[in-house]
Amino acid sequence: MYLNQFLLLSAVLFAIGVYGVLARRNGVLVLMSIELILNAVNINLVAFAAFRESIPGEVFALFVIAVAAAEVGVGLAMILLLYRNRRNIDLTEIDLMKG
Amino acid sequence: MTEFFIIAESASQSGIPLGITSGGSWLLRNAWIIPLLPALSFLGILFFGKRMPKKGAELGITAVGAAFVLAVLTGIAWFDHRDNYHGEEAHLAVAASEHHAEEGHSDHEKEHDEHSDYDHGHGHSSLAVSNTVTWFQTNGVDLSVGVLVDGLSVMMLFVVTLISLLVHIYSTDYVGGDRRYTHYFAFLSLFSASMLTLVISENTLQLLVAWELVGVCSFALIGHWWEEKPNSDAALKAFLTNRVGDMGLLVGVTILFFSVGSVLPDTFGSFSIAVTNTVANNGLLSHTALLVAAACLMAAVMSKSGQFFLHTWLPDAMAGPTPVSALIHAATMVVAGVFMIARLYGVFFEGLSIGGSSINLMALVGGITTLVGASLAFVQRDIKKVLAYSTISQLGYMVLALGVGAWTAAVFHLFTHAFFKACLFLGSGSVAHAVHSFDMKSDMGGMRKAMPHTYRTFIIGSIALAGLPPLAGFWSKDEILAGTGGWGLFGGTGGNGAYTLMLVMGMITAALTAAYMTRCVYLTFFGEFRGHGDLHESGPRIVVPLWILAGFAVIAGLFNLPKGFQLVPDSFQERFGHYVEPVAGYFPTIAHATPSWSLAIVSTLIVLGGVTAAWWYYFVKVEAASKAAGKSLTELPNGPTTVYPLAKLIHNLLDKKYYLDHLYTGIIAGGTKGPLARVAYRFNQQVIDGTVDRVGETAVKSGQFVYDKIDQLVVDGAVNTSGRLSSEAGGELRKVQSGKVQSYAAILFAAATVLAGILIVIV
Amino acid sequence: MENFINDWGLTVTTFIPLVGVAIMLLIPRAQEELHKRMALATSLLVAVMGVLILTEFDFDATDKLQFAVDHVWIDVINSHYAMGLDGMSLPLVLLTILIVPLCIVYSWNHFPEPQNPKAFLILILVLETGMIGTFMAQDLVLFFVFFEVVLLPMFFMIAVWGGDDRRYASLKFFLYTLFGSALMLVSFLALYFLSGSESFVLSDLIEAVAANEISRTAGLWIFAGMFLGFGIKVPMFPFHTWLPDAHTQAPTVGSVILAAVLLKLGTYGFIRIAIPVLPEAAVEWAPWIGLLAVIGIIYGALGCLAQTDMKRLIAFSSVAHMGFVMLGISTLTDFGINAAIMGMVAHGLITGMLFFIAGSVKERYHTLDIGRLGGLLVQAPRMGWIFGLCVMASLGLPGLAGFWGEFPAILSAYNPGNGLSVVTFRTFMVIAALGTVLAAGYLLWLLQRAAFGTPKEEFADDPAITDVTKHEWISWAPILALIVAIGIYPNLVFRVTDGAVDASLDDCLQVSASELTPEQAEALGCDSIYGLGEMSHHDEHAAETNQ
């Protein structure tokens with residue numbers, strides 16, 4: 001097995017994720033794309049850990065999973081609130097932070 | 001304890017004798033009580049005056065009266081001290097600076113030798129009494145405040161307290177019922193306190209403080225009726241003109257402070273008058289420093305003592321109440337400049353080389369002033385302005401005398417002038433009190449019948465001022481003329497240098513003075529009454545002070561009968577000189593002029609000439625013309641001049657200005673100097689006065705310009721521009737803040753990509 | 001008790017106001033009376049502490065730091081909580097302690113719009129902590145913190161309670177001073193790192209700078225940074241433009257505190273930090289400081305002559321007066337710096353008083369347009385007299401406090417410190433003397449137009465125009481008494497400052513040149529300073545005596 005294969009997979013996942021984040025207008029889909037990005041990172045971490053036989057990478061991956069779970073929780077809550085208030089979860093229409 | 005006592009302990013120690021002692025009687029050492037009394041009464045009147053039965057006047061009179069009694073006692077103590085005191089003399093240890101000794105001021109050394117016997121026929125040397133406390137310390141050096149009591153200060157104490165007391169009494173009647181009666185007396189008290197502090201000043205800093213304080217009292221009293229703008233304008237003018245001179249005082253005092261410090265060990269400067277004079281007398285200071293200091297101090301003298309060309313404030317100062325004019329603007333404050341020269345005579349004597357020249361700055365300023373003042377006195381129709389210009393002229397006389405080295409004569413003239421000029425001013429106030437005007441031409445005339453006391457005292461004062469024997473003015477004026485040393489041709493010698501020009505100036509002024517006072521007396525007291533209302537003599541509170549001053553105007557001259565005046569025993573000669581002129585280390589060695597009978601006779605004839613000319617014009621010609629016209633005239637209707645056609649003359653009679661011109665043409669025919677006065681007055685009003693106004697205007701304009709153009713436009717503009725730039729830059733940047741999450745993310749990824757690229761390229 | 005004062009006196013004095021603020025925050029806003037009492041009680045407690053400190057202060061050792069405390073504060077950057085009081089800071093601390101309660105009393109019944117005494121008084125108390133702390137701090141970081149603490153309350157005071165143009169003025173004030181302090185902070189840091197000092201404590205820094213020569217250029221730049229920081233606060237020409245706006249827009253009490261204390265933070269910084277730490281750079285900068293000072297004197301006076309607004313005129317006069325203070329400082333002599341401290345105290349009292357009067361006039365006439373005023377002496381005679389007294393004090397009348405700041409400053413310029421050009425400073429002296437004439441001009445002109453004459457028609461029968469009220473008397477009387485007392489006996493201040501100033505100056509600067517032989521100069525290591533001036537003192541004296 002080669003490390004390249006894992007890295008390639010992770011790169012593809014990451015690229016899909018980035019595409020999703022930038023291109024999709026639906027909030028839920030954007031959140032899912034973020035999950036993709038995080039998981040791409042996780043693959044990287046685990047792959048390197050396995051090849052170098054060191055533990056920290058795997059520990060980090062666990063952390064990331066935990067944080068990702070929290071993030072999705074908060075994110076979904078926000079989208080839910082948005083939907084309640086606006087009946088719409090199109091991110092392009094939300095620009096309250098406009099300077 | 002002041003710094004020089006620390007330096008010098010006793011006579012046994014080698015050093016330069018200072019001519020001062022810390023001993024002496026209690027009264028002399030504690031002369032500071034005299035100014036303290038009126039200072040306390042100032043506070044008392046200010047805080048409680050309105051609640052007192054006499055509105056505070058009684059407090060002022062009591063304090064000044066007590067000060068007067070103390071001043072008299074101090075004077076008596078001084079007589080005893082001068083003749084009998086043999087205490088320890090303070091000596092000044094000077095830094096052994098080789099330059100000075102070696103550079104061989106041979107003439108100075110000779111002077112110093114002469115110094116050692118200190119005997120100008122006055123017996124043993126006089127030791128001034130000095131008593132000081134620390135005022136403030138800086139750089140580890142204590143700077144003191146205290147008293148320096150010698151003949152000069154004792155004489156001034158007497159004059160100031162006496163005239164102040166009389167003016168206080170006079171004022172209770174004159175300004176009675178005024179709405180600021182209480183404040184008036186408060187300021188009279190403050191003035192007395194400041195002036196008395198000035199005359200006993202131990203050091204130049206104290207002198208400067210008192211100098212400014214009398215200035216502010218003068219400001220407040222000139223502007224006493226400040227509701228009218230001309231009065232407050234006059235007050236402002238007085239204060240500002242004096243400030244210009246004070247600039248000179250600040251600089252002069254500073255130069256002296258450090259120059260003296262550079263030759264003393266253990267200190268970096270000294271304000272002490274005695275030390276400064278002593279160091280100057282002994283040639284320890286560079287001539288340049290002394291010259292610059294003396295010139296700067298002269299500027300202060302010119303403003304305070306109304307010397308040409310800073311004199312213009314003094315006539316305007318007549319806007320104040322008349323007793324104030326008598327006290328401040330004739331008898332006491334305006335002589336502060338003269339007093340300062342007399343006090344720091346060592347500095348001036350060395351700095352201006354009075355001892356060895358025939359012309360110097362001081363003598364010239366005095367000479368010009370005395371002529372300008374006397375000639376301007378002719379053109380006035382306001383009686384107080386006549387006296388104001390006369391004061392300027394007489395102050396010029398004193399400065400001239402100091403400039404030629406006739407110290408005692410100058411101080412003696414200060415003494416006599418105080419009495420007769422105060423008498424004249426208070427007399428003019430008495431007249432004005434009756435007619436409610438100061439205009440001699442339109443509101444006075446023939447007052448002698450209604451006001452006999454005022455008339456008589458005014459005549460006495462006028463004769464004294466004109467300088468006819470045996471009244472006070474004659475003796476002092478004559479000593480000054482002798483002191484110029486310009487009479488050498490006809491016997492009588494001495495003085496410092498031969499100031500012939502000054503003698504001529506003095507002679508001319510004597511004639512002019514006699515003539516303008518004759519004119520003033522005629523216009524006020526002779527002819528027919530031209531004003532309105534019924535005349536009456538003033539009350540006793542006005543008349544009694546007048547008679548006291550007139551009494552002094554008669555006898556004051558006898559205090560200093562010249563040496564060799566055979567009609568009296570020797571012990572009556574030069575008493576004033578003996579007690580007032582210091583014979584001490586802090587006073588320069590000056591040569592004394594010998595009086596001359598021939599000079600006295602000639603000067604008297606000149607005065608009589610002036611009187612006769614004016615008498616002939618007014619008492620004969622104008623009087624006759626008045627009779628012919630059937631009403632009281634103030635000058636000839638057609639005059640002796642026949643050059644002008646009659647019609648033109650009538651037209652000009654209506655023209656006020658030319659009316660005056662015609663008067664002078666008439667007087668010239670009588671042998672006096674009309675055109676000079678006219679030119680001088682024009683110059684005075686238009687050039688000098690105009691310059692003051694112009695400078696003020698220009699300052700405001702340039703202030704306006706600087707403020708509008710530079711401050712608001714450039715300096716402030718730069719600040720505003722930088723503010724605007726940063727705000728505009730912010731405006732551009734905010735466009736990036738779209739508020740859309742995805743555009744932020746795009747930027748984020750783009751930036752990350754770029755950074756990653758850089759990382760790859762570099763690593 | 002003695003121990004308590006010694007160990008805790010300064011800390012307690014500094015932070016009492018903050019305790020007061022904490023309590024006031026808990027009291028609801030509506031209880032205005034309680035807030036006023038609370039604030040007054042706090043400031044009076046500070047005053048009592050001030051008196052206690054004064055009684056314990058050793059006046060024979062004014063050159064030593066007394067009641068000193070020194071604890072490690074921020075370990076990472078070696079900053080200490082170092083406080084101390086010597087003769088140089090004592091007068092200014094006392095001035096602050098005096099002015100604050102008087103300001104609270106003055107505003108008792110007439111808070112400026114929009115009222116809200118709670119917030120207003122809290123700001124004043126925070127200001128007090130900042131000001132006292134600045135004068136006591138002996139550590140540069142601590143100094144900087146206090147220096148900045150002062151900024152915010154004053155900003156809010158102007159921005160909320162100010163006049164019509166308050167936003168502009170408050171921002172200008174804030175930005176201007178912040179700009180200066182940023183540079184100042186950079187200088188402090190540079191000083192710390194370049195000198196290799198153990199800590200930010202002032203005495204350590206002075207030692208370190210003296211021990212490890214920092215390069216001439218670095219010294220000059222560091223001094224320049226401090227110069228800007230302090231000079232803007234003073235304010236010196238040409239950094240003064242914030243002052244007239246801030247003063248004109250600030251509420252009366254704000255103006256008073258600004259004039260009386262805040263401006264002194266700048267000058268105090270010069271004499272406490274800049275000059276003692278970098279004497280050599282100071283010698284090189286001194287002629288420029290002196291030049292800006294005399295330009296300020298003349299320029300401020302000209303500015304005054306052009307004003308039509310009373311408050312703005314007084315503000316411009318501050319530029320001129322602080323010019324005298326800076327002139328004294330620039331001579332780098334004991335004499336001059338003593339004069340400068342005296343000038344600070346005098347200016348604080350006198351100009352503070354003038355702003356009080358301007359505030360009271362505004363309250364009665366609702367205008368400060370000099371052209372519309374007049375006859376104050378007729379309508380409110382007592383206030384007119386007080387006004388006259390303050391004008392006289394401000395123009396430097398001897399016998400009142402102002403003179404003792406002005407005249408010694410002029411005097412000291414005749415003989416500047418070693419290494420400075422005598423000719424240059426004597427020129428400054430003459431120009432400064434001219435400034436006294438102009439000062440008399442604009443102040444008397446103000447007095448004449450505002451106080452003399454008769455009231456204008458629009459105000460002739462206005463019943464609102466009353467004489468001095470009870471609150472005004474209470475807040476003014478102590479200031480007036482001090483103006484007179486210091487004027488009559490200046491040693492009240494000089495006695496305290498002299499020793500401390502002497503100790504703060506580099507030995508080479510202060511020894512009188514005539515007493516210093518070349519060998520002595522070498523022994524003291526003065527070559528570096530003597531080499532700097534165009535013409536050293538020694539030459540000048542020799543030239544003079546040779547004539």
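Helix 12 of chain C and helix 13 of chain C cross in a left-handed manner; a crossing is left-handed if the near helix is turned anticlockwise from the far one by less than a right angle, and right-handed if clockwise. The contact includes C:Ala286, C:Gly290 and C:Gly300 of helix 12 of chain C, and C:Leu313, C:Phe316 and C:Gly323 of helix 13 of chain C. Contact requires C-beta atoms, placed from the backbone, within 7 Å. By class, this helix contact has 17 nonpolar, seven polar and no charged residues. Here Ala, Val, Leu, Ile, Met, Phe, Trp, Tyr, Cys and Pro count as nonpolar, Asp, Glu, Lys and Arg as charged, and the others, Gly among them, as polar.

The model is predicted: local features need pLDDT of at least 70, side-chain atom pairs count only at pLDDT 80 or more, and totals for chains, interfaces and linings use all residues. Residues are numbered from 1 along each chain as its sequence is written, while chains are lettered from A and ligands numbered from 1 in the order in which they are written.

Helix 12 (residues 279-305) and helix 13 (residues 310-330) of chain C pack at an angle of about 155 degrees, with axes 7 Å apart. Axes are lines fitted to C-alpha atoms over the stretch in contact, and angles run from 0 to 180 degrees between N-to-C directions. The two helices of chain C are therefore roughly antiparallel, a term for angles over 145 degrees.

Chain C as a whole has 24 helices and two strands. These are DSSP runs, numbered from the N terminus (helices H or I, at least four residues; strands E, at least two). The C-alpha trace of chain C spans about 75 × 60 × 40 Å along its principal axes. Buried residues make up 63% of the 547 residues in chain C; a buried residue has 20 or more other C-beta atoms within 10 Å of its own. Among contacts in chain C between residues at least 6 apart in sequence, 79% join residues at least 24 apart.

Chain B touches chain C through 48 residues of chain B and 47 residues of chain C. Helix 10 of chain B gives the most to the chain B side, with 15 residues. That side divides into 25 nonpolar, 17 polar and six charged residues.

Note on methods. Buried ≥ 20, exposed ≤ 12 C-beta atoms within 10 Å, placed from the backbone. Contact = placed C-beta atoms within 7 Å. Parallel < 35°, antiparallel > 145°, perpendicular 65-115°, else oblique.
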